[in-house]
Amino acid sequence: MHELSLTENLVRVLQEQSVAQNFERVLSVHLEIGALSTLEPGSLEFCFEIVARGTIAENAKLEILRTPGVAICRKCNTRNELCAYGEACKQCESFELEVIAGKDMTIKNVEVV
Ligand SMILES: [Zn+2]
């Protein structure tokens, strides 16, 4: 399960940061998930709850924001926002799009005490 390894990574980063930046507890984590990512917010929340148990991130709130995918058209250079793969350029209807954002998960903000 992709979500599980990602949340394990996330909690590990939070633990490392707590030592480096001297905080004791994580209150919330804001994540952005690209629309082209296969990650499911529901299973991320589920995995996070399990993985965070007994760590500084236990009971932290996971706030997930979905962001649109972004692709540049190779033919006309138009910047397109995508909700899914396989959409055509809105300008010239070409399918030769280069995806530049929206495939990943990013940590936007972490609230700590
Ligand atoms: Zn185009």
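**Close-up 1. Helix H1 and its span.** The expected span of a helix is 1.5 Å times one less than its number of residues. In this predicted model, H1 has 20 residues and reaches 28 Å from its first C-alpha to its last. That is close to the 28 Å expected at 1.5 Å a residue. Just after H1, Asn-22 takes a positive phi of about 60°.

Close-up 2. Glu-3, Leu-6, Thr-7, Leu-10, Val-11, Leu-14 and Ser-18 are the buried residues of H1. Viewed down the axis of H1, these residues fall within an arc of 135°, so they line one face of the helix. An α-helix has 3.6 residues a turn, so residues three or four places apart point the same way. The exposed residues Val-19 and Ala-20 sit on the face of H1 turned away from its buried side.

**Close-up 3. Packing partners of H1.** The buried residues of H1 pack against S1, H2, strand S2 (61–67) and strand S6 (105–112). One of these buried residues is Leu-14. Not counting residues up to four places away in sequence, Leu-14 touches Phe-23, Val-26, Val-29, Phe-48, Ile-56, Ala-57 and Val-110.

**Close-up 4. The nonpolar cores.** The largest nonpolar core has 19 residues. Those with the most contacts inside this core are Leu-10, Leu-14, Val-26, Val-29, Phe-48, Ala-57 and Met-105. Helix H1 (2–21), strand S1 (26–34) and helix H2 (41–52) are the elements that give two or more residues to the core. Apart from it lies another core, of seven residues, including Ala-71, Cys-73, Leu-97 and Val-99. In soluble globular proteins, nonpolar side chains tend to be buried together.

Technical notes. Residues are numbered from 1 along each chain as its sequence is written. This is a predicted model: local features need pLDDT of at least 70, side-chain atom pairs count only at pLDDT 80 or more; totals for chains, interfaces and linings use all residues. Side-chain values use heavy atoms; hydrogens and water are left out. A nonpolar core is a set of buried Ala, Val, Leu, Ile, Met, Phe, Trp, Tyr and Cys residues joined through side-chain atoms within 4.5 Å. Buried means under 20% relative accessible area, exposed over 50%, partly exposed in between (1.4 Å probe, protein chains only). Helices (H or I, at least four residues) and strands (E, at least two) are DSSP runs, numbered from the N terminus. Contact means heavy atoms within 4.5 Å. The arc is that of the directions from the helix axis to the C-beta atoms.
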